[in-house]
Amino acid sequence: MAPDVLSPATLGPLKLRNRIIKAATFEARTPNALVTDDLIDYHRQPAAGGVGMTTVAYCAVSPGGRTGGEQIWMRPEAVPGLRRLTEAVHAEGAAVSAQIGHAGPVADARSNKATALAPVRFFNPIAMRFAKKATRDDIDEVLAAHANAARLAVDAGFDAVEIHLGHNYLGSAFRSPLINRRDDEFGGSLENRAKVARGLVLAVRRAVKGQIAVTAKLNMADGIRGGITTDEALTTAKWLEEDGGLDAIELTAGSSLVNPMYLFRGDAPVKEFAGVFKPPLRWGMRLTGKKFLREYPYREAYLLREAKLFRAELKMPLILLGGITNRETMDLAMSEGFQFVAMARALLAEPDLINRIAAEGEQVRSACTHCNRCMPTIYTRTRCVITGAPDRGRPLQ
């Protein structure tokens with residue numbers, strides 16, 4: 001019998017009050033790369049609204065691992081603020097996870113004022129900078145930085161860490177046959193290309209020593225020709241399961257570099273994206289934005305078909321992401337054997353959605369219209385532009 005999505009669940013050493021996770025969504029509320037009251041309130045609201053766990057994004061493991069210079073990177077100076085955040089979430093009865101990772105070729109070397117890394121020398125058109133081909137020493141430093149970030153997450157009171165292995169960030173970029181054209185021990189075969197991702201997981205597992213849960217966000221497919229395929233991703237997931245470093249995998253898709261809408265589905269807000277950039281990027285987005293932001297029709301549980309392939313082959317807990325907005329879809333995920341569901345845009349629109357579903361059941365429908373006009377707000381201050389949440393009843397800062 002499928003579990004009730006609102007029932008308690010165990011995730012590694014952690015017990016959650018229910019099986020609903022707020023997925024990592026970059027908040028754009030850390031102007032000095034440190035926690036603000038605004039960021040705390042952003043996560044406190046869905047915690048008060050009933051989720052089992054909220055995920056703080058994005059906690060980069062190093063200055064050069066950020067997609068922008070205002071993002072938090074894990075260092076001792078960040079811990080006091082992060083501790084205030086975790087305490088606020090715990091006070092609402094929810095758990096809290098830190099998404100840690102290195103953005104690799106997605107990193108903005110210009111705003112970070114730090115070198116970006118990639119499997120090969122790689123040009124980032126947003127940063128207008130090249131990422132450096134990572135050496136063995138660079139890879140070792142990134143592994144150590146993940147371990148350090150995980151230890152700091154423990155110190156800050158987090159209940160879990162989520163390792164970012166998706167969207168062509170560094171671990172995902174090494175897995176991609178399209179990006180990774182190396183001919184050394186980290187290139188060529190899938191076994192070689194997966195070494196960085198597997199190494200990151202084991203480095204984090206050794207660092208936390210079972211004190212908190214360890215999950216990973218893993219691409220099932222990039223949605224681009226020549227990129228990560230479902231077959232290769234499934235093999236990688238099996239290796240990660242055998243390695244024993246993870247308590248669960250959150251299944252994702254798409255490429256931040258080439259095809260982000262493969263993850264998001266729904267309307268492609270080209271005009272709104274163009275508006276956040278300065279020329280010449282603004283002009284380029286207006287002219288070619290439809291090629292970068294390809295539209296895919298929205299449907300509930302839109303990643304379920306691919307995710308079921310992983311569920312059939314893996315024994316470990318899996319988190320279903322993508323098009324989770326109502327009780328019926330959550331129940332479907334449970335009936336298909338997934339242990340958790342993850343939500344993002346629906347909770348951005350209505351942080352109290354889970355409490356409403358718990359109180360009113362299947363008749364509750366999310367206010368999210370899948371217009372995706374929230375996406376460009378990650379460059380200013382992430383929010384739902386339709387409902388105004390999570391700013392209801394409080395002024396913008």
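Guide: A nonpolar core is a set of buried Ala, Val, Leu, Ile, Met, Phe, Trp, Tyr and Cys residues joined through side-chain atoms within 4.5 Å. Buried means under 20% relative accessible area, with a 1.4 Å probe and protein chains only. The model is predicted: local features need pLDDT of at least 70 and side-chain atom pairs pLDDT 80 or more, while totals for chains, interfaces and linings use all residues. Residues are numbered from 1 along each chain as its sequence is written, and side-chain values use heavy atoms, without hydrogens or water.

Visitor: How many residues are in the largest nonpolar core, and which have the most contacts inside it?

Guide: In soluble globular proteins, nonpolar side chains tend to be buried together. Here the largest core holds 118 residues, and the most contacts inside it belong to Ile100, Ile163, Leu165, Leu246, Phe310, Met330 and Met343. Helix 4 (residues 136–155) supplies the largest share of this core, eight residues. Another core, of 15 residues, lies apart from it and includes Ala109, Ala173, Ile179 and Leu257.

Visitor: Which residues is leucine 165 in contact with, beyond its neighbours within four places in sequence?

Guide: Contact means heavy atoms within 4.5 Å. With those neighbours left aside, leucine 165 touches Gly171, Ser172, Arg175, Ala197, Leu200, Val201, Ala216, Lys217, Leu218, Asn219 and Leu240.

Visitor: Which way do the residues of strand 9 point, and are they buried or exposed?

Guide: Helices (H or I, at least four residues) and strands (E, at least two) are DSSP runs, numbered from the N terminus. In strand 9 (residues 160–165), six of the six residues are buried. Ala160, Glu162 and His164 point one way, Val161, Ile163 and Leu165 the other.

Visitor: How many bridges join strand 9 to strand 10?

Guide: Two strands pair if DSSP finds at least two bridges between them. Strand 9 and strand 10 (residues 213–219) run parallel, joined by six bridges. Isoleucine 163 stands opposite alanine 216, and leucine 165 has leucine 218 as its bridge partner. Strand 5 (residues 95–101) also runs parallel to strand 9, through four bridges; there alanine 98 is partnered by valine 161.

Visitor: Is strand 10 mostly covered or mostly open?

Guide: Seven of the seven residues of strand 10 are buried. One side carries Ala213, Thr215, Lys217 and Asn219, and the other Val214, Ala216 and Leu218. Strand 10 is also joined to strand 11 (residues 248–252), in parallel, by five bridges. Within that pairing, lysine 217 stands opposite glutamate 250.

Key
Buried < 20%, exposed > 50% of the residue type's maximum accessible area, 1.4 Å probe, protein only.
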